[in-house]
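Have a look at the sequence and the 3D structure below. We'll take a short tour of a few spots in it.

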Amino acid sequence: MTLEVTVEKRLGSLGLSVAFSSPRGITVLFGRSGAGKTSVLNAVAGLLRPERGRIALDGETLYDSAAGVDLPAHRRRIGYVFQEARLLPHLRVRGNLLFGARFARGPAVAEFAQVIDLLGLDALLDRRPHDLSGGERQRVALGRALLSAPRLLLMDEPLASLDAPRKEEVMRCIERLRGALRLPILYVSHSMDEVVRLADTLVIMAEGRVITAGALGDTMARLPFDAKFDAHLGHFEAGSVIDARIAEHDAAMGLARLEFGGGSLYASGVAGSIGQRVRVHVLSRDVALARTRPEFISMLNILPGTIRRIGSPHDAGVDLEIDVRGTPLIARITVKSRVDLALAPGDSVHALIKGVAIHPAGAGQPD
Amino acid sequence: MLDPQELEILALSLKVAFWSMLGSLPLALALAWLLARREFPGKTLLDACVHLPLVLPPVVIGYLLLIVFGRHGALGAWLETHLGWVFAFRWTGAALAATIMGLPLAVRAMRQAIDAVDPRLEAAASTLGAGPMALFASVTLPLALPGILNGMLLAFARSLGEFGATITFVSSIPGETQTLPLAIYALTQVPGGDERALRLCVLAVLLSLGALIASELLLRRARHAIHGEASSG
């Protein structure tokens with residue numbers, strides 16, 4: 001599946017002009033409110049007509065201003081989960097879930113029973129939308145979109161209006177469904193946490209334009225060194241994302257060994273079976289650097305690597321990209337440390353990782 | 001309680017009101033949807049025309065109907081020749097006059113109801129595959145239903161009270177076009193008719209009251225059915 005989007009549209013003071021393509025898996029459109037992310041989704045769904053551009057899904061043209069093609073929303077077969085759920089108030093949950101099925105114009109993505117199971121909707125079927133909690137509403141909206149036989153799913157900040165426990169509840173559902181269904185998703189978010197947990201491809205937008213786009217790990221590794229990104233989103237800490245798999249569990253020590261391209265990582269509290277893919281998020285401030293391999297140290301994760309580039313100093317220090325046998329890792333250290341150690345691009349260093357966050361892996365990741 | 005003559009008047013009034021309500025439904029619904037959901041040149045003019053019967057003297061509407069739908073009228077002659085439909089001096093003419101007079105009320109109520117349907121819900125339904133017709137039938141119509149029912153009852157109640165356009169268009173023929181208001185008027189014009197006129201007045205009050213209460217109950221039930229227990233209204 002490939003979604004190709006080129007859209008130009010003036011929206012009040014915002015000049016929307018974006019072009020990106022989205023391979024399989026989850027593509028996250030990331031940016032501040034007002035960057036035009038939702039408008040891009042609406043254009044893909046057929047709810048907003050661009051002035052110029054082309055939108056194609058798997059080679060089928062949905063919109064092409066030059067060729068005069070504009071497929072109406074109801075014939076695009078694109079499921080849409082809105083920020084505010086938008087359940088039909090006159091129908092019960094079951095009626096909402098089955099609403100799209102009667103118009104289905106293509107093969108089903110999932111059976112009714114499977115969707116009910118994945119999203120835990122069994123107890124809600126006879127309830128009315130206004131009796132549901134925010135998280136339940138979003139789960140029903142997600143199920144409703146899945147059951148309309150879509151070829152692509154759009155999600156517009158589906159977690160934004162939820163409190164933390166509900167966020168986690170819906171996030172788990174999205175992760176489960178990513179694992180179970182081969183349905184590409186275009187996901188709008190302004191939360192780095194959602195990006196790290198869900199994205200396979202990252203498209204960063206600001207003021208109606210795409211600043212940078214690409215595979216998640218590479219794109220995140222580029223962020224600290226991208227002046228455009230700095231200017232639009234401020235210097236916040238994105239960290240690094242490493243895709244790994246569980247190699248072994250040490251039950252006695254409560255540790256798991258994770259393997260990735262650059263070697264092994266040890267982490268505690270990892271659930272999952274041997275061979276299962278996981279995503280590791282390492283904050284850059286949790287990475288320290290040493291010139292030589294330190295001994296007699298409590299840290300388990302010491303990875304040798306090479307400094308690939310060094311960013312410009314900012315309030316919180318300086319960011320360095322370390323190449324750990326092909327896997328980029330970002331370290332944030334103080335300017336003083338950089339000067340004291342006389343670190344320069346090309347130098348060999350040891351990266352010391354203090355802590356990692358482990359998430360289930362996405363469907364679009366390489367084996 | 002009611003003598004045969006009064007029963008006849010009551011039955012005729014209900015018949016005229018019922019058919020005018022039914023006749024105005026598709027027209028009023030189409031106009032309401034057009035005005036609520038579409039932009040087109042001449043929209044303001046159409047809106048004004050729909051409201052004309054509300055502000056024009058009813059006698060004008062009655063006279064225009066006579067010109068257009070009379071047996072020698074442009075449309076009236078054609079309808080009689082080709083379809084065998086006659087409106088002039090028939091109860092069907094009374095129903096037609098009541099339809100026109102009730103239309104602005106019906107359209108206003110239905111338009112408000114359609115306006116109140118969140119377009120974002122319609123957009124959501126379209127991404128689920130609902131085309132324009134299915135969208136109207138499965139989202140707009142059910143959500144606007146209380147307002148649509150209300151519009152129909154307003155048209156019905158308005159028909160029960162229709163006087164000026166009816167008497168101008170189809171005259172006041174007992175048993176054919178003499179509805180309740182026309183009968184009351186006729187009775188006030190003859191000596192000794194006061195008592196019977198008063199009895200019919202009481203009947204008119206009860207009838208209107210009944211229609212208004214029925215409208216309120218229907219609205220409540222419909223809202224309940226659409227929005228469930230928690231909604232009060």
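Leaving aside its neighbours within four places in sequence, which residues is B:A106 in contact with?

## Ground rules

This is a predicted model, where local features need pLDDT of at least 70 and side-chain atom pairs count only at pLDDT 80 or more, while totals for chains, interfaces and linings use all residues. Residues are numbered from 1 along each chain as its sequence is written, and chains are lettered from A and ligands numbered from 1 in the order in which they are written.

## Around B:A106

The partners of B:A106, beyond those sequence neighbours, are B:S24, B:A28, B:G151, B:M152, B:L154 and B:A155. Being in contact means that C-beta atoms, placed from the backbone, lie within 7 Å.

B:A106 also belongs to the largest nonpolar core, which has 160 residues, and is among the members that touch the most others, along with A:V28, A:V44, A:L154, B:A97 and B:M110. Helix 5 of chain B (residues 91-115) gives the most to this core: 15 residues. (A nonpolar core is a set of buried Ala, Val, Leu, Ile, Met, Phe, Trp, Tyr and Cys residues joined through C-beta atoms within 7 Å; buried means 20 or more other C-beta atoms within 10 Å of a residue's own. Helices are DSSP runs of H or I, at least four residues, numbered from the N terminus.)

## Where the chains meet

Chain B puts 19 residues into the contact and chain A puts in 21. On chain B's side, helix 6 (119-127), helix 7 (132-161) and helix 10 (194-227) each give two or more residues. Helix 6 of chain B gives the most there, with seven.

How values were computed: Buried ≥ 20, exposed ≤ 12 C-beta atoms within 10 Å, placed from the backbone. Contact = placed C-beta atoms within 7 Å.
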